[in-house]
Amino acid sequence: MSDAVRRQSGPFHVGDKVQLTGPKGRLNTISLEAGAIFHTHRGGIEHDVIIGQPDASVVTGTTGDDYLALRPLLTDFVMSMPRGAAIIYPKDAAQILAFADIFPGATVVEAGVGSGALSLWLLRAIGPDGQLHSFERREEFARVARGNVTSFLGAEPSNWTVTIGDLVEALPGVAPAGSVDRVVLDMLAPWECIEDVASVLTPGGLLICYIATVTQLSRVAEAIRRTGLFTDPDSSETMVRGWHVEGLAVRPDHRMIAHTGFLLTARRLAPGAILPQLKRRASKTDFSDEDVEAWTPGSLGERSASDKRLRKAARAAETAADRAIAAEANADAAAEADAEADAEANTAANAEAGAGGDTPAT
Ligand SMILES: C[S@@+](CC[C@H](N)C(=O)[O-])C[C@H]1O[C@@H](n2cnc3c(N)ncnc32)[C@H](O)[C@@H]1O
């Protein structure tokens, strides 16, 4: 069971993250601390003015400016958190949760963990009774992911493991054969992991791959087919186009995030099951990995972040996580002090009532 829970609704408390929108529409996210002041170039905002207010309140800064105070959504957080590797955007994360049928209590394997954006969505969907095993071969990326997850949730969830290493090598030591409900692969070469993933998936379990290019899509689909261990893969791409809706000016936005990646899903067959041939395979689908490389040379290259940038992102994520943990501890101490004060006040009131001969209510 996971114990990492940050309040997602209700009035603002010490330790909560708050997204402030200022008079010019500029966004700032702060963590609430009793007695602290958030300084802007237009004056300051006392945290105490926000603490205790309902979510989505308008608060006034020291120079009279109004700020909208909102608890950030997970979408807001992942789009602004420190990044090591490129993240899965919310539009694709939403589809992954739906297409992969991520359910409360599921045991899920994820590789690579990257910046931890998808890990956050997965942890939320599996709930406290689920289990997420994330794998990442680069330690600095895992540091960024751990910092981001801890920063958002207020603590590192106990139902989340992060294993540093190559998925193929590390997976058997973490997940026994047939024990996993869902596998999510967001990595350069998912086709290298298909057999290993098949052995940990339960019959009927689902593999979903997030893939950046068409050559990778084709390569992973053929690798899955070749194993004979899965249903025929389904592939799709999701484009979300925002709309400007104001009075009679109703039209699509001029800009959009167009291509991010493709999604491919396939279900694990039961041991010994042979897939009925629903489709005739054309011989032109037979090609080797060398053919793919020759077709689009270099297309499979991974863009790597510089060590300096990565160390900076890891430090930023870890600092935010430390602050989140400290803020939770302060909030707990404040709650304890309040409870003690209440108890003392009750004892005094009871003593007074006793002295006056009243019978205490039961
Ligand atoms: C694009 S990032 C993942 C981003 C992540 N899904 C997110 O939303 O933040 C891909 C990650 O896969 C890792 N990776 C690639 N191949 C791997 C393998 N065989 N085993 C473990 N991790 C791998 C890379 O180091 C990289 O961090």
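**Reading a helix, a sheet and a core**

Modeller: Just after helix α8, G228 takes a positive phi of about 70 degrees. Please keep in mind that this is a predicted model.

Biologist: What span should helix α8 have, and why?

Modeller: Each residue of a helix is counted as 1.5 Å, so the 14 residues of α8 (residues 214-227) should span 20 Å. The C-alpha atoms at the ends of α8 are 20 Å apart, in agreement with that expectation.

Biologist: Which residues of α8 are buried?

Modeller: The buried residues are Q216, L217, R219, V220, A221, A223 and I224.

Biologist: Which residues touch the most other members of the largest nonpolar core?

Modeller: In soluble globular proteins, nonpolar side chains tend to be buried together. Here the largest nonpolar core has 83 residues, and L122, L207 and V220 touch the most other members. At least three residues of this core come from each of domain 1 (17-72) and domain 2 (76-272 + 286-295). Beyond its neighbours within four places in sequence, V220 is in contact with P190, W191, C209, I211 and L264.

Biologist: In what order do the 7 strands of the open sheet stand?

Modeller: Strands of a sheet pair through backbone hydrogen bonds, either parallel or antiparallel. In this structure the order is β9-β8-β7-β10-β11-β15-β12, with mixed pairing. Strands β9 (160-164) and β12 (234-237) each have a single partner strand, so one side of each lacks a neighbour in the sheet. From one strand to the next, the twist averages 15 degrees.

Biologist: In which sense do β7 and β10 pair, parallel or antiparallel?

Modeller: Strand β7 (residues 107-111) pairs with strand β10 (residues 180-185) in the parallel sense, over 4 bridges. In this pair, V108 stands opposite R182 of β10.

Technical notes:
Residues are numbered from 1 along each chain as its sequence is written. This is a predicted model: local features need pLDDT of at least 70, side-chain atom pairs count only at pLDDT 80 or more; totals for chains, interfaces and linings use all residues. Two strands pair if DSSP finds at least two bridges between them. Helices (H or I, at least four residues) and strands (E, at least two) are DSSP runs, numbered from the N terminus. Axes are lines fitted to C-alpha atoms, for helices over the stretch in contact, and angles run from 0 to 180 degrees between N-to-C directions. A nonpolar core is a set of buried Ala, Val, Leu, Ile, Met, Phe, Trp, Tyr and Cys residues joined through C-beta atoms within 7 Å. A residue is buried if 20 or more other C-beta atoms lie within 10 Å of its own, exposed if 12 or fewer, and partly exposed in between; C-beta atoms are placed from the backbone. Domain bounds come from an automatic or database domain assignment. Two residues are in contact if their C-beta atoms, placed from the backbone, lie within 7 Å. The expected span of a helix is 1.5 Å times one less than its number of residues.
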